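This briefing covers helix packing, aromatic ring pairs and a few residues in loops and helices. Please keep the sequence and the model open while reading.

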Amino acid sequence: MSTKAQSSHTLVIGLMLFALFFGAGNLIFPAMLGQTAGTNVWIATAGFLITGVGVPLLGVFAFGISGSDDLRAMGNRVHPWFSALYSFVLYLAIGPLFALPRAGSVSFEIGVKPFLPENSGHLPLLIFTVVFFSITCALSLNPSKIVDIVGKILTPLKLSFIGVLVAAAFIHPIGPIQAPAKEFVQNSFFKGFQEGYLTMDTLAAFVFGIIIINAIKEKRGSDKKVIARTCAKAATIAAAVLAIVYTSLSYMGASSVSELGHLGNGGEVLSAVANYYFGSLGNVFLGLMITVACLTTSVGLVTACSAYFHSVFPKISYKALAVILSSFSALTANLGLNELIAISVPVLTAIYPLAIMLIFLSFAHNLFKGRSEVYQGSLLFTFIVSLFDGLNAANLSIDGVNSFFSNILPLYDTGLGWILPAIVGALLGYAVSLVRSNGTVLHSHKEEKFHNQIRYKKAE
């Protein structure tokens, strides 16, 4: 492949990665962040970019440098049982149970529902989800085409939609940026850092990373250095585009408060801004943008999840699984957006920190020589805390445990209490591994000495 062709392919991979990550939630959250952060919008956005862009892209890059073919291979560094269970739970969460049906529900709520009369009933949602996931399924049935479909067609279309709206906000701002809301008056960077979790893209990194690595292998071969280098360049491209778009949307939200007031969620912010600049056509414009954003994400998720479940259940073909997942997601999407979010948040809150630590431990893998005890200690301690975070999110809090953790763990009340236990667990795991290694060496020396004594006696 010529240098020019390599650069072109890397650019397509980078734009594809951006499109896969940039779903409807990624449009909504920065706009709402801008509204609430006010004059602290830039520092809050900086925090948001770390968890909304940095950590997810590191997750993709972790696949490139680890040589792992999938999440299970990476999870085996912890333990085969962990790998099997965590992979299964993550793919269910990021696929048919939560993320996939949510993509269809968000598209309907923002792209279609505003144009319907009140009390239109449940039928429009049913029709829309059937059409939406039929298109998703059709595109997903040809996984080898996903780079061309997403990278060359859907991404430029989506970027064009976003670009027009953002350009209008910069050229003709709605109004001056106002004072921040109460929660952003202090520690706005830290608050923005937490807001980045809402994208859930760190979980998606384990899914999309596989697509990226396979797309690179298809054109460049299986050389690990080439894969890592190409993956790093593509991740940089995706990170740059994501950072520009997020920052622009945050500014757009921040500049809208003086005229539009504080709105209830990011969807309302985008809808009001689009209507402000373009009138009734603005709502059509926004609906198309949201639908395309959701569609690109859902195609990537169906492709990745179908490939994974086919590896687990090889007797079921990839195409059959794509149809099953699309159909199930269409059915689940009819629960409604609010219900889906309410169900998903506790589960995602519990498993999200595990994904973050698995990524960072993968980068430090060579430093501790890949000792499984380090992975096991860190992830075990992380999960002990994140499990109770999940229970709190489900309104099943245990007061005694929360009080205990609040007293001994920094940042526990903000949902980040798992960070210190993760570090402590890794250190304890490393210590245990050293003890085991020394014990093995000592046992080996004793065996060698015993056999030497026997050989010496026989010689006599």
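Axes here are lines fitted to C-alpha atoms, for helices over the stretch in contact, and the angles between them run from 0 to 180 degrees between N-to-C directions. The model is predicted. On that basis, the axes of helix α5 (residues 80–97) and α16 come within 11 Å and cross at roughly 145 degrees.

- The crossing of α5 and α16 is left-handed, and the contact is made on the α5 side by Tyr-86, Val-89, Ala-93 and Leu-97, which meet Leu-340, Leu-348, Ile-351, Leu-354 and Ala-355 of α16.
- Sorted by class, the residues of this contact of α5 with α16 are nine nonpolar, with no polar and no charged residues among them.
- Helix α6 (residues 99–111) also packs with α16, at an angle of about 145 degrees and with the axes 9 Å apart, and this crossing of α6 and α16 is left-handed.
- Pro-101, Arg-102, Ser-105, Val-106 and Glu-109 of α6 make the contact with Leu-337, Leu-340 and Ile-341 of α16, and the classes in this contact of α6 with α16 are five nonpolar, one polar and two charged residues.

**Helices α17 and α18**

- α17 and α18 pack with their axes 11 Å apart and at an angle of about 130 degrees, and α17 and α18 are therefore oblique to each other.
- The crossing in which α17 passes α18 is left-handed, and the residues that make the contact are Ile-384, Val-385, Phe-388 and Asn-392 of α17 together with Val-401, Asn-402 and Phe-405 of α18.
- By class, the contact of α17 with α18 consists of five nonpolar and two polar residues, and no charged residues take part.

**Loop residues with positive phi**

- Lys-369 has a phi near 55 degrees, which is a positive value in a residue other than glycine, and the place of Lys-369 is in the loop between α16 (337–363) and α17 (372–393).
- Lys-369 has a relative accessible area of 69%, and because the cut-off for exposed is over 50%, Lys-369 counts as exposed.
- Asn-395, in the loop between α17 and α18 (399–408), has a phi near 60 degrees, again a positive value in a residue other than glycine.
- The relative accessibility of Asn-395 is 69%, so Asn-395 likewise counts as exposed.

**Aromatic pairs**

- A pair of aromatic rings is described by the distance of the centres and the angle of the planes.
- The structure holds 18 aromatic pairs, and one of them joins Tyr-308 and Phe-309, which are edge-to-face at 5.1 Å centre to centre with 65 degrees between the planes.
- Both partners are buried, since Tyr-308 has a relative accessible area of 7% and Phe-309 has a relative accessible area of 6%, where buried means under 20%.
- The rings of Phe-368 and Tyr-375 are also paired, with centres 5.4 Å apart and planes at 75 degrees, so this pair is edge-to-face.
- Phe-368 counts as buried at 8% relative accessibility, and Tyr-375 counts as buried at 0%.
- Ring pairs link Phe-88, Tyr-91, Tyr-308 and Phe-309 into a cluster.

**Phe-309 and its surroundings**

- Phe-309 is found in helix α14 (residues 280–312), and Phe-309 and Tyr-91, which are 218 residues apart in sequence, are 8.5 Å apart in space, C-alpha to C-alpha.
- When neighbours within four places in sequence are left aside, Phe-309 is in contact with Phe-88, Tyr-91, Leu-92, Leu-321 and Leu-325.

- The C-alpha atoms of Leu-85 and Gly-75, which are ten residues apart along the chain, are separated by 9.4 Å.

Technical notes:
Residues are numbered from 1 along each chain as its sequence is written. This is a predicted model: local features need pLDDT of at least 70, side-chain atom pairs count only at pLDDT 80 or more; totals for chains, interfaces and linings use all residues. Side-chain values use heavy atoms; hydrogens and water are left out. Helices (H or I, at least four residues) and strands (E, at least two) are DSSP runs, numbered from the N terminus. Buried means under 20% relative accessible area, exposed over 50%, partly exposed in between (1.4 Å probe, protein chains only). A crossing is left-handed if the near helix is turned anticlockwise from the far one by less than a right angle, and right-handed if clockwise. Contact means heavy atoms within 4.5 Å. Ala, Val, Leu, Ile, Met, Phe, Trp, Tyr, Cys and Pro count as nonpolar, Asp, Glu, Lys and Arg as charged, and the others, Gly among them, as polar. Rings of Phe, Tyr and Trp (its six-membered ring) pair if their centres lie within 6.5 Å; planes under 30 degrees apart count as stacked, over 60 as edge-to-face and the rest as tilted. Angles under 35 degrees count as roughly parallel, over 145 as roughly antiparallel, 65 to 115 as roughly perpendicular and the rest as oblique.
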